[in-house]
Amino acid sequence: MTYDLVVVGGGIFGLSVAKAALGQGMKIALLEKNTIASGASRGLVGALMPHVPNRWNDKKQFQLDALTELSDIVTELEAATGLSVGYSRAGRLIPLYTEHKLAHALSRVEESKVHWNSEKTGFTFNVVKETPYNDWLTPEAAPLGIIWDTLAARANPRLVSTGLKALLETQIDIMEHTEFLGFDEETSTVTLDNGATLTADRIVLSAGYEGFGRLSEMAGKTIGMGEKGQSLLLEYKTDRPLPVIYDDGIYVVSHANGTVAIGSTSEKEWATAEPVEKDIQAMLSKAIGFCPALKGAPIIDRWAGIRPRCKKRDPLVGLVPGTKKTWVATGGFKISYAISHRIAACLMQEMFPEKGKPIHLPESFKPAYHFD
């Protein structure tokens, strides 16, 4: 079979690249060694968070723009598939309990009005004494006040991936349980683990943390590594949308399907890729400390996965240095679901610069920055 594009990896970046390429009229094959969104993209949390509005830079602007346009992206996906992805502009609450945290938050309020263009967008970052959600974030956890931002959102990661797969599977060739072995640019030959070959004009490497080995070989240096994350899911029904709570590295996310996700850890070293019960219980205990309404809620799922993190932290997107037909989109780490559509759009922009509205890609996202 002959394709315009072969995408390697069926996580959120690979799915988003395939969707964007479909919009360019390309014939596409998507290769996934396991099943679609079976790795890091199968997480539970789904917190779609903006950067704190200080020391503003183009990376923070990129994520802000991605979050701002996400509502329209979701609306289009849900209309095309008839499937909900559990998206809501729920907002975020962060408890303040030290003078340092309070001072830091207060100094960001005015900056947010400028960088978030609050007057036009309506998105705000404020410090308040109380919110309508005292039965959610307990006031005892926030003696000095609460950061309340209205830009933050949430979506159900597994439903997003399911929606994207449903959109794509009738229009492209999705090949699950098919491992990519290599690409010969001279002959345009893609080699698969089952002995078959494909012909492709170009490929995009989006294979998560496992793809870093190949990229590091091409660069002659370490490009990225895997970092373990763990989370859990509780059964918890509520009659109204609730904002995301964030404190001390832990998110609590109330989803639309009667569940609450808690997570996640960030572990550079791990002995197992499976969930570790003491870590799960530690997260749950910490979450109950600032959200006591969750006490007694049954755990219905536990998750662990290895997320792709570039050595230089920022995502990696563009033409791989020293190649003509090999592109890459990886390294989203914790923010992949918030920015994947915009990363994919930037990749298509680089492939087809004569088409579409220009999108600024931060220099720290480009291969030259990572491979240098």
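1. By class, 17 nonpolar, seven polar and five charged residues line the second largest pocket. Here Ala, Val, Leu, Ile, Met, Phe, Trp, Tyr, Cys and Pro count as nonpolar, Asp, Glu, Lys and Arg as charged, and the others, Gly among them, as polar.

2. A word on the source: this is a predicted model, where local features need pLDDT of at least 70, side-chain atom pairs count only at pLDDT 80 or more, and totals for chains, interfaces and linings use all residues. Residues are numbered from 1 along each chain as its sequence is written, and side-chain values use heavy atoms, with hydrogens and water left out.

3. The second largest pocket holds about 560 Å³ of space. Of its 29 lining residues, Lys19, Ile73, His341, Arg342 and Ala345 are the closest to the centre. (On a 1 Å grid over the protein atoms alone, a pocket is an open set of points where a 1.4 Å probe fits, with protein on both sides within 12 Å along at least five of seven lines; lining residues have an atom within 4 Å of a point.)

4. Which helix gives the most to this lining? Helix H8 does, with eight residues.

5. For the overall fold, the protein has nine helices and 18 strands (DSSP runs: H or I of at least four residues, E of at least two). Its C-alpha trace spans about 65 × 45 × 40 Å along the principal axes.

6. Buried residues, those under 20% relative accessible area with a 1.4 Å probe and protein chains only, make up 53% of the 372 residues.

Note on methods. Grid points are joined across faces, edges and corners, and a volume is the space filled by probe spheres set on the points. Buried means under 20% relative accessible area, exposed over 50%, partly exposed in between (1.4 Å probe, protein chains only).
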